[in-house]
Amino acid sequence: MRWLSLLALALVVSLARASEDEDEKPTSPADGGVPSEAGASGLADGGPITIRPRPHTLEECLALADRNAPQIWAARARLDMSRAQLDEAKFTPWFQWFANVSGGVAPSFSGTVLYTSSPVTVRNLNSLSNLTPFFNLDINGTVPLYTFGKITSARRAAEAGVRVNEWDLERFRQQTRLDVRRAYFGVLLSRDARHILVDALSRLDKSIRELRAKSNKGDKAISLWDIYRLEVFREEISAREGEPERGERYAMAALRFLTGVQS
């Protein structure tokens with residue numbers, strides 16, 4: 001990026017202009033993992049930190065992502081659904097059976113459905129006499145003798161669906177692990193960039209002060225354009241001081257989403 005190239009150029013110019021030894025740079029404690037968003041320089045009053053957030057290594061973040069990433073949970077659910085469909089294709093019967101039951105009381109009729117020999121008095125009921133109970137059970141079914149390959153095709157399709165979802169789960173798992181690595185090293189890059197910006201600005205300020213002092217003493221080798229150029233570099237770098245903070249917040253939000261660790 002352009003601001004990184006400007007930063008590197010400013011460091012080279014400041015090293016070339018500096019006549020004294022480098023100032024001692026502050027070091028941050030190494031904790032073996034991604035630090036939390038809390039600073040590691042002490043309390044606001046300068047006292048020591050007694051409670052620190054637990055840092056997480058890259059291996060811990062990857063393990064947490066395997067257990068908590070929502071896209072992996074969704075892929076596992078799709079895999080379970082495809083396995084259930086395979087069981088359904090294996091054990092669901094293709095034959096169909098139906099049963100009808102009817103019952104009640106009715107007078108005795110004789111004859112056929114189209115022609116009855118029963119008298120009218122029997123058909124026109126005016127009392128409960130001559131009523132007899134009846135019960136009817138009807139069972140019928142369909143057993144396919146040949147399905148033209150439907151059973152075999154259904155099983156093969158269900159098995160293929162299981163294989164597809166298994167590889168889909170692995171794809172989401174590897175993609176999630178890649179995203180965790182990007183976010184993890186993005187946090188480290190943002191925090192290193194913040195320290196580099198602070199160090200570069202201090203070196204540029206020191207170089208500008210030295211050049212101005214030499215120019216005020218009448219040194220002909222020092223041009224005002226050199227001072228102005230350094231000041232322009234310094235302002236361009238200072239204008240991008242918020243980019244490391246923004247990158248760190250984005251990366252921390254991604255890690256929270258992927259690992260499920262919210263604090």
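Asn165 lies in helix H5, which spans residues 150-216; helices here are DSSP runs of H or I with at least four residues, strands are runs of E with at least two, and both are numbered from the N terminus. This is a predicted model, in which local features need pLDDT of at least 70 and side-chain atom pairs count only at pLDDT 80 or more, while totals for chains, interfaces and linings use all residues. Residues are numbered from 1 along each chain as its sequence is written, and side-chain values use heavy atoms, with hydrogens and water left out.

Asn165 has a relative accessible area of 15% and is therefore buried (under 20%, with exposed meaning over 50% and partly exposed in between, for a 1.4 Å probe and protein chains only). Apart from neighbours within four places in sequence, Asn165 is in contact (heavy atoms within 4.5 Å) with Arg78, Leu79 and Ser82.

Confidence is expressed as pLDDT, the predictor's score for each residue from 0 to 100. The chain averages 79, and 71% of the residues score at least 70. Helix H3 (residues 70-91) has the highest confidence, at a mean of 94, whereas helix H1 (residues 2-17) has the lowest, at 50. Over residues 15-32 the pLDDT is below 50, and this stretch has 18 contacts in the model beyond near neighbours in sequence.

Turning to the strands, Ile139 is found in strand E2, and with a relative accessible area of 56% Ile139 is exposed. Strand E1 (96-107) and strand E2 (131-142) each supply at least two residues of a nonpolar patch, to which E2 gives the most, with three residues.
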